[in-house]
Amino acid sequence: MAEVSRDRAEVNARIVYWGCEGAGKSQNLRAAFSKLRPDHRGEIKQVPTRIDPTVGYEVLPISLGEIAGVRTQLELIAVPGHREQTPTRKQLLDQVDGVVFVADARAERAEQNVASLRELQQGLAAYGRRLDQVPLVVQYNKRDLADPYAIEDLHRRLGLGSAPVFEAVATQGTGVLQTLSTISKRVIRVLRDQAPGAAPAPPARVAEAAAATPPTPVERMESAMLAEAEHPEAGAVAEAARGAEALLQPGWTTAAGEIERPAGVRLGADLTIVSVGTAVRSGDREVALPLVLGDASGRTGTLLLTLRLDALIEPGADEDSA
């Protein structure tokens, strides 16, 4: 679990990036390193394993600054993917505070993804924990090389429908900070909920100052991103972090309370967006956007959202009215 120092008002939490070999765990750390300001992250360290010192795993320390008056630091770990490193991966799960399951979205890697998830569950069980007791975010990496329907099928097979999901292309930095922001928020929330009883009531003036809403982990992550002038897409990524989190909240319902697929599969009202495909222009003023929706049971359904873009003033309207 996280190391909490009350004397120094400090929290150090560990987040493990887990997945099969070649899924993109280390690439996530490198992309995060390149997008975060130097004063909010350390250097990526290569730690040799005990089994084979020539093989290592990568660690990236990140500082979120002070959250509710507590200095908060994260340690991101990309586990080694080699088959013989199973004991090392298991050891890195000891006292883990959050997990990012990085799945290789390509159809030919489906079995390796399922096996990696099974190993994750078994590794946690060895420490008396279940996956649903640990903050979890799922990332489908290499989406640029995968069929959207292959991602839907993989999501169904993994059965992680209740976890936030992001598609990513880690080599391009796409989806990396959204994933990191969301797992950070979930870890901090759990640490707060698990904290011992509240401290004695402070004086009135101190209580009034504390009444202000503290910055959320997402806001802390945004402040750690590169300035837009230094990194043009940083502002867009920060906005995407907020938007993606909002999209993953439940609440998409119809008048009947559920959505029915033509094939007859019925999804409940508690839906999340599993993945978002590539928008395709349809005609002069329409854009078609494929969505994959899922419920807590892991069932998924595909929805094609069509947006029509109408001009407020038709071309030539001013001349006609004159």
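Select Arg89 first: its relative accessibility is 5%, so Arg89 counts as buried (buried means under 20% relative accessible area, exposed over 50%, partly exposed in between, with a 1.4 Å probe and protein chains only). Arg89 belongs to helix H2, residues 86-92; helices (H or I, at least four residues) and strands (E, at least two) are DSSP runs, numbered from the N terminus. This is a predicted model, in which local features need pLDDT of at least 70 and side-chain atom pairs count only at pLDDT 80 or more, while totals for chains, interfaces and linings use all residues. Residues are numbered from 1 along each chain as its sequence is written, and side-chain values use heavy atoms, with hydrogens and water left out.

**Around Arg89**

Show the contacts of Arg89, where contact means heavy atoms within 4.5 Å. Neighbours within four places in sequence aside, Arg89 touches Trp18, Val79, Pro80, Gly81, His82, Arg83 and Glu119. A salt bridge here is a side-chain nitrogen of Lys or Arg within 4 Å of a carboxyl oxygen of Asp or Glu. The two partners come from distant parts of the chain, Glu119 from helix H3 and Arg89 from helix H2, 30 residues apart. Glu119 and Arg89 are both buried.

**Strand S2**

Select strand S2 next. Of its 9 residues, 7 are buried, so S2 is largely enclosed by the rest of the structure. Which strands pair with S2? Pairing requires that DSSP finds at least two bridges between two strands. S2 runs parallel to strand S5 (residues 70-78), with 8 bridges between them, and Arg14 stands opposite Glu75 in S5. S2 also runs parallel to S6, joined by 4 bridges; on that side, look for Tyr17 opposite Val100.

Within S2, pick Val16. Val16 has a relative accessible area of 0% and is therefore buried. Beyond four places in sequence, the contacts of Val16 are Ile77, Val79, Leu92, Val96, Gly98, Val99 and Val100.

**The nonpolar cores**

A nonpolar core is a set of buried Ala, Val, Leu, Ile, Met, Phe, Trp, Tyr and Cys residues joined through side-chain atoms within 4.5 Å. The largest one has 30 residues, and those touching the most other members are Trp18, Phe101, Leu120, Leu136, Val138, Tyr140 and Leu158. At least two core residues come from each of strands S2 (10-18), S4 (56-67), S6 (98-104) and S7 (136-141) and helices H3 (110-125) and H4 (148-158). H3 gives the largest share, 5 residues.

Centre the view on Val138. Apart from residues up to four places away in sequence, Val138 touches Phe101, Leu160, Ala163, Pro164, Val165 and Phe166. Another core, of 28 residues, lies apart from the largest one; among its members are Ala32, Ala78, Val176 and Leu191.

**Other salt bridges**

The structure holds 13 salt bridges. Select Asp132 and Arg130, whose closest N and O atoms are 3.0 Å apart in one of these bridges. Asp132 is exposed at 62% relative accessibility, whereas Arg130 is partly exposed at 48%. Elsewhere, salt bridges with shared partners connect Asp104, Arg106, Arg109 and Lys142 into one network. In that group, the side chains of Asp104 and Arg106 meet at 2.7 Å, N to O, and Asp104 is buried with a relative accessible area of 0%.

**Two loop residues**

Most residues other than glycine have a negative phi. Lys142, in the loop between S7 and H4, has a positive phi of about 65° without being a glycine. Gln95, also not a glycine, has a positive phi of about 65°. Gln95 sits in the loop between H2 and S6, and at 48% relative accessibility it counts as partly exposed.

**Colour by confidence**

Finally, colour by pLDDT, the predictor's confidence in each residue, from 0 to 100. The chain averages 74, and 62% of the residues score at least 70. Residues 197-211 have a pLDDT below 50, and this stretch has 1 contact in the model beyond near neighbours in sequence. Residues 225-267 also stay under 50; for these, the model has 71 contacts beyond four places in sequence.
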